[in-house]
Amino acid sequence: MNTKRYTELFRAEARDRLAEMNTSLLAIERGEGIEHVAELFRAVHTVKGMSAAMGYSSVRDVSHALETLLDLMRREAIAMTPAIIDALFEALDALESAIVAVSNDETSTTDVTAVVAMLESITAEPSTQAEIDLAEMQTMEWPTMRMPTPTPAVQPAIEVPAPTPVARPAITQRSAVASPATLSHAEKTQRSVRVDAERLDNLMNLIGELVIARGRLQEVARKAANPALAEAVLHVGKLIGNLQTEITTARMVPVGQAFERFERMVRDTANSLGKKVVFEILGSDIEVDKSVLDEIGEPVMHLLRNSVDHGVETPQERRAAGKPVVARLTLSASRERSSVVIRVSDDGRGVDVDRVLERARHAGLVDDGWAPVSDAEILSLIARPGFSTTSKVTEISGRGVGLDVVATKVRSLGGAMELSTDAGAGTEIRLELPMTLAIIHALIARSNDEVYALPITHVVETLLVHPDMVRFEDGKEILEVRGQSLPTVRLRERLGHPVRQDRGGHAVVLDLADGRITLVVDEFMGQQEIVVKQFDAARGMPKLFNGATILTNGSPALILDAQGIA
């Protein structure tokens with residue numbers, strides 16, 4: 001059988017089942033109930049069946065050994081000890097490695113003999129051999145297995161032990177007659193289909209071109225002054241808008257799809273450091289564009305590892321400080337305006353400002369007499385490339401790539417990062433990201449006869465600059481806006497163009513991670529929905545742009561990066 005056409009389906013389904021396995025096993029470790037053993041068993045059984053059908057022997061062998069052990073656990077024939085839990089985690093890691101290997105190359109084989117032998121050694125006690133034989137009989141993917149002749153010695157093992165009153169009815173009902181709720185869920189499941197992400201990307205690219213065409217068509221209709229044409233263009237514009245909404249909605253996925261995998265990572269990191277951490281996920285149903293979700297995985301992982309390593313204290317330190325021995329680490333998502341806000345917070349020791357200053361002075365980043373006066377200034381130090389307060393390099397930290405990676409990625413997405421810390425009470429890092437990266441609203445600005453687009457993500461207000469609003473402090477231009485003195489950046493200066501003699505123009509107030517600033521341009525020409533096109537900047541080009549777009553008149557324009565301008 002040619003299985004190449006099914007490899008992608010296997011990879012997608014196995015990825016989902018692996019996520020279920022890790023979630024269920026973490027719940028088992030927390031002691032949340034025996035029903036999670038049944039969930040884990042079903043997920044392993046599904047992977048075993050798929051791998052057997054595809055001919056992936058390494059995946060099948062690990063799944064079968066896991067299934068045998070889990071069958072004993074769900075029937076309470078074997079106790080759930082910490083050693084067995086660790087063995088299950090090790091087996092899941094081996095299973096994931098085997099799945100990744102065959103997904104990349106169908107002919108590859110992973111050596112799983114050690115893991116299989118470890119699992120078999122747990123289940124190979126004489127008292128449980130009859131149950132093991134029965135578990136093997138009940139699996140349908142093994143055509144070479146035969147039903148043994150019943151004997152009085154084996155017969156008692158067939159009788160399932162009396163279960164708890166809560167668990168058994170649910171299992172019986174699922175295996176016998178489906179309830180209306182189950183049927184309704186099945187009907188909904190049948191209405192959903194798997195769509196390759198590349199097809200969704202192609203659809204988004206096409207709708208982006210339609211949005212550009214709509215803008216140009218509207219411009220032509222406005223100049224033509226033809227009522228019939230204007231009405232037709234208006235109707236077409238509404239249809240394109242509805243199509244854009246539907247395609248954008250189809251690309252929206254819950255952040256929980258990315259967040260769930262971090263629970264295992266936090267558990268393993270805490271165990272390796274000898275720390276006790278309760279990990280909490282909030283707002284997992286908040287939806288963002290798939291392109292954003294794909295990009296935020298690595299930054300969030302770095303923040304969580306940083307919190308466990310640097311923020312959370314050891315149990316002895318927490319006990320001495322009068323804190324609960326078990327630390328709390330929270331990952332949350334929420335919507336604010338047109339952005340999604342992700343927060344990583346802990347109740348640990350907070351940022352050690354003295355230690356940060358010591359390392360910064362040693363690296364020559366600050367003068368001896370300088371001291372931070374705000375959390376934003378602390379963040380600007382610890383997010384420097386190569387900066388680390390850990391002198392010893394380990395698998396977790398010490399190379400100074402944590403917050404630098406986060407800041408760089410967030411900036412490339414047009415987002416912002418903020419830090420708030422309280423010595424002895426904990427730290428929170430806030431990431432504000434756009435809901436989508438494909439089509440955004442932007443201000444169209446002119447500077448020295450060139451047109452640029454500025455995303456409105458960080459825009460607070462626009463205003464006309466009068467000469468009496470401008471003053472200078474220590475050689476730096478300040479703009480007085482509603483009683484506030486805001487640092488000013490002139491786009492002409494940043495682009496290397498001569499500054500206007502009258503110091504006038506239009507200004508926009510930007511709310512950034514380091515505080516508010518004003519950006520002065522020659523003129524704001526309006527607001528427009530733009531399609532973001534990625535581009536490779538020329539060598540030596542300043543980091544002022546994060547993309548390009550096509551305007552309604554058909555001319556190209558660079559998209560300004562608010563963080564880079566500041």
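Reader: Which helix gives the most to the lining of the largest pocket?

Author: In this predicted model, the largest pocket is lined by 46 residues. Helix H4 (82–104), helix H10 (197–224), strand S1 (252–254), helix H12 (256–272) and helix H13 (290–311) are among the elements that each supply at least two residues of that lining. The element that gives the most, with 13 residues, is H1.

Reader: How many residues of the lining of the largest pocket are charged?

Author: The residues nearest the centre of this pocket include Arg15, Asp16 and Arg194, and under the grouping used here Asp and Arg count as charged. Across the lining as a whole, 19 residues are nonpolar and nine are polar, while the number of charged residues is 18.

Reader: Which strands stand at the edges of the open sheet, each with a single partner strand?

Author: Six strands form this open sheet with mixed pairing, and their order is S10-S14-S15-S13-S12-S11. Each edge strand has a single partner strand, so one side of it is left without a neighbour in the sheet, and the two in question are S10 (459–465) and S11 (470–473).

Reader: By how many degrees are neighbouring strands of this sheet turned against each other on average, direction ignored?

Author: The pairing in the sheet is mixed, and the turn is given as an average over neighbouring strands with direction ignored, which comes to 40°.

Reader: Which residue in S15 stands opposite Asp511?

Author: Strand S14 covers residues 505–512 and runs antiparallel to strand S15, residues 515–521, with seven bridges joining them. The residue in S15 that stands opposite Asp511 is Arg516.

Notes. Residues are numbered from 1 along each chain as its sequence is written. This is a predicted model: local features need pLDDT of at least 70, side-chain atom pairs count only at pLDDT 80 or more; totals for chains, interfaces and linings use all residues. Side-chain values use heavy atoms; hydrogens and water are left out. Two strands pair if DSSP finds at least two bridges between them. Helices (H or I, at least four residues) and strands (E, at least two) are DSSP runs, numbered from the N terminus. Axes are lines fitted to C-alpha atoms, for helices over the stretch in contact, and angles run from 0 to 180 degrees between N-to-C directions. On a 1 Å grid over the protein atoms alone, a cavity is a set of points where a 1.4 Å probe fits but cannot get out, and a pocket is an open set with protein on both sides within 12 Å along at least five of seven lines; lining residues have an atom within 4 Å of a point.
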